[in-house]
Amino acid sequence: MSFDEKGLEKAGMVYRTVTEVRGPLLLVEGVRGAKYNEVVEVRLPDGSEIIGTVLDTYSDKAIIQVFGKTEGLGLGVTVRFTGDVMRIPLSDDLLGRVFNGSFKPLDGLPDPIGVERREIFFSVINPAAREPPSEFIQTGISVIDGMNSLVRGQKLPIFSESGLPHNLMAAQIARQSTILGEGEEFAVIFCAMGIRHEEYEFFRREFERTGALDRSIMILNLADDPVIERIIAPRIALTIAEYLAFDLDMHILTILTNMTNYCFSGDTEIITGDGDIVPIRSYVISHMLNGGGGYTSRILSWRNWKISSSPVALAEVIKPRDRRMIYIKTRSGAELTITPDHKLLVDGLRGPEMREARELKPGDHLYSIKKLELRGTWRPSLLELLWMSGDEKIYVHFKDRLIENALKSSFKSLKRAAHVLKLNYARMANSARNRCYTIEDVARISARLGISMQTLSKHVDRITCGKKSSTRFSWSVVGRDLLRLAGMIAADGTVGIYPKKHVYYAAIYSSRDDIIESYKALFHKLFPETKIRIWSAPFGVKHLRVNSKPIALIFKSLSVDSDLSRIIRMPEELIREFLAGYFDGDGHARDNRVVFTTGSKLRAKRIQLLLKRLGIPSTISERRTGFKRSAIYDVIVWGRRYIKELFKGVKLYDRHKDQRIKRIVSEGNGIATEFDLMPRAFRTILRDLRKRYSIKLSDLRCQSIILPIEKHGRNITRETAVRIVKRLRELVGNLPEIKKLESMACGNFILDKVVEVKELECDDGDEYLYDLTIPLSHTIIVENGIISSNCEALRSLSIAREEVPSRKGYPSYMYSDLATIYERAGKIKGKKGSITLMPILTMPGGDITHPIPDLTGYITEGQLIVSRELHLKGIYPPINPLPSLSRLMKDGIGAGKTREDHMDVSSQLYMAYAEGVKARSLARIIGELGLSERERKYLRFADEFERKFINQGIYENRTIERTLEIAWDLLSMLPEEELIRISEEHIRKYHRKYRLQAR
């Protein structure tokens, strides 16, 4: 399809009135007569064309969703409404073909030529026209055929979890399924949505190798295909199924597999709501092993221009579909390695938009958080820091008998308290001078008595470590002085801990006498009575050293000798003191900028996050120096305003640096930095507002600023934006557009320019990729605050449409959306054919109450539950029959359909396996020897049932007769009087004992 130069070659109205672009959605105004699902053609400025459909209409506006890449979409596109809905060609020649989610061939053959074209958004089957399903479909899998039989026209979903072999099961069911009897035509339509290239190759290879493709039609939507195709792919599959079933009298089994999330490399760092910085690999594995627990249930995300702390709904470990990854580096120094289809939040002309990594280029601006806000801050006490060190040989001496009195009150006597809490009674009952507790004892007492470590810290007299001299402290909770000292040690000092040599110390090095004396005074203030050594070294450097195990362990617990990660969780005033101490040591100021220097790239990233805790953006610059040209990293803060904020309320101990900072703050220019620029959408909305309400530049009182912005496309600064919003509110009131501009002007974000994008191959060690699903916001904050997406198709569209979310971020219309898919399956009165549907869904975290499986359960007629426990035992297919259910099974089995004993056998298997599982649970508590003889028989039955009945080969195709034969062999393990669900007639006919007698 194409336009002529005037856009009038084909029938249909042409519009050039696109007023908003939001991801794959276009808002077109001034539209007349648009229809829901109407096909439109969108012509891009470069002359290329893409297809879309009308998603919604209201008043004279239409929302268009496009199919294909969204690069190039903007306000300058031309839209032609064709007046028709999306249709596909249909014929019986489709069998054996492979298509993508837009119904374009993937098998190298020409586009199909159908006998008719039918719209894909077809209405569901009228309930009054439905015929109850009553014929059996054999899948060749015993646990399905024998206990949860599939019936023609039924909707039977498979509920799985990430990492389980549901794709293997889908391929096996598609390969083996058949209907009993002669003269019946049967075909499979296999539709996979959001699959990786690796899975695509697996399905193609399996269907072609086994010959299943000859009677199948495959619709395969890849993970790097447009998200919108995942919405229409199942509708295309069901449209084909309806034609084959109700026009050509065939019996169709339609299998729909679920979507896959995009992925990060394992080293990508994420930030939890409590301030922990964790590689996503560690977080995902911990989350999965701890049933959704792990580090924390919440991580940081971004929503409504603000940072938020969100729960994790799903953590996934995924094999990469190929070896290609995209490396991205930004102006601030952030580095990401992600899959090409992963999306990052980018500054677009009409607002923030999620863009795939493969589409990014240098010069694009990524959204990054400005201020790292945590759910709560951490201000540890003296005893907490000592306990975190992990050293058991720390002895705490208290000033008074607070602990002894509390123990007597709770346990009546110290001896009983010592026995219950496993304390050393001799140390507890010693004289006041020598009475002490280990740090582990103190932690145990604190937890049992409910006395906080912070409270106990106030009563500490001194700390000893074996035969070492005691150390006294003038503080009980971490304060500003300790963090100032920690900053200096982190920059120009060291913490020495050598247990084998019994050497423990904290040291500072400087060539300045005033610095040494200042920090010597700070040591004396914090640790009175502690001996401090100072001596001169070559090149005029002086060493200040304190030999003390408790002091060394405290600074180790503060992570000053490593990555500073624990400092990030502390209150802002403590972080400011730490950075001041670090600047005293390894910092300098010049040319309106402040620089923190380190030899560690990881530490540079941590300093950058410490600055983000104060709302101060920075950049990381690498340089080479010294004889060996080793790498040095500078963390740079630009601009007077940010430097003033950094040292607010802080006096540097280095007089020269302190004077230089004061001079920059008082005399430096006020030029905005690149991080002060607003999104391009601000000037677009501002221009539209001025035009709509006839607001003159003079009315805004900043004509000289706005004129070049609107004429030449320059970005506006945040400070100017705040003034403009305030003036606009005075002129036109508190309009929704004003609120949106205010959210931008005051939003917790900066724009971080992309400076490098390159494609690379995964390292050999990077076998897996990792992802998290975050409800509501569907965003993850990674690395230096970069905002990334993890949206799934329906939620992605819902977000783009700015709909009010329902449960877990899904749109409120999801129930009806799923129903428009599921209710197209069934049988129609007077029609010979049927459509049977098996959708395969992954339950996030195994949560069956998650919206998609929950709503699916309401619409469909049962469910098959894939069990992680059975999978870990090596059982395939790992379908747990106990929570599984086929509501229509009774209508499709029995005499003349499968066999007369089928229902009785299934019921008895359920009962026996349930008894065996119950006995297994009991055996875990009391041991197998504690079970009764009857319970032991059921326990053995459950083991054999899983090993012989549920378990079968991936290519093992069992007939229903073979399935029932295995079932009878297993039931014969039980006493005959236990077979209470089976009639006497069936027992005498099929029981192994009677069959052997008959022979």
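Asp461 and Arg472 form a salt bridge, with their closest N and O atoms 2.6 Å apart. Asp461 lies in strand S30 (residues 460-464), while Arg472 sits in the loop between S30 and helix H12 (480-492), so the pair ties together parts that are eleven residues apart in sequence. Arg472 counts as partly exposed, because its relative accessibility is 22%. The model is predicted.

That pair belongs to a wider set. The structure holds 67 salt bridges. Side chains of opposite charge can pair when their charged atoms come close. Another such pair is Glu674 and Arg331, whose closest N and O atoms are 3.0 Å apart. Here the ends come from two loops. Glu674 lies between helix H18 (655-667) and helix H19 (680-693), and Arg331 lies between strand S23 (324-330) and strand S24 (335-338), so this bridge ties together parts that are 343 residues apart in sequence.

Lys361 has 43% relative accessibility and counts as partly exposed. Asp364 has 10% and counts as buried. Buried means under 20% relative accessible area, which is why Asp364 falls in that class.

Salt bridges can also join into a network. Arg130, Lys155, Glu823 and Glu861 are linked in this way.

Next comes the loop between helix H14 (549-557) and helix H15 (572-586), which holds Ser559. Phi of Ser559 is near 60°, a positive value in a residue other than glycine. Is Ser559 buried or exposed? Ser559 is buried, with a relative accessible area of 4%.

Asp563 is found in the loop between H14 and H15 too. Its relative accessible area is 19%, so Asp563 is buried under the 20% cut-off. The side chain of Asp563 joins that of Ser565 through a polar contact of 3.0 Å. Which residues does Asp563 touch, once neighbours within four places in sequence are left aside? Asp563 is in contact with Leu602 and Arg606.

His502 lies in the loop between strand S31 (493-498) and strand S32 (503-510). The exposure is 54% relative accessibility, so His502 counts as exposed. Ser559, by contrast, is buried.

A cis peptide bond joins Tyr876 and Pro877, with omega at about -10°. Pro877 lies in the loop between helix H27 (868-872) and strand S46 (879-886).

How many disulfides does the structure hold? The number is zero. A disulfide is a covalent bond between the sulfur atoms of two cysteines. Cys436 is buried, with a relative accessible area of 8%. Cys746 counts as exposed, at 55% relative accessibility.

How values were computed
Residues are numbered from 1 along each chain as its sequence is written. This is a predicted model: local features need pLDDT of at least 70, side-chain atom pairs count only at pLDDT 80 or more; totals for chains, interfaces and linings use all residues. Side-chain values use heavy atoms; hydrogens and water are left out. Helices (H or I, at least four residues) and strands (E, at least two) are DSSP runs, numbered from the N terminus. Buried means under 20% relative accessible area, exposed over 50%, partly exposed in between (1.4 Å probe, protein chains only). A disulfide is a pair of cysteine sulfur atoms within 2.5 Å. A polar contact is a pair of N or O atoms within 3.5 Å; within protein, one must be able to donate a hydrogen and the other to accept it, and residues adjacent in sequence count only if both atoms are side-chain atoms. Contact means heavy atoms within 4.5 Å. A salt bridge is a side-chain nitrogen of Lys or Arg within 4 Å of a carboxyl oxygen of Asp or Glu.
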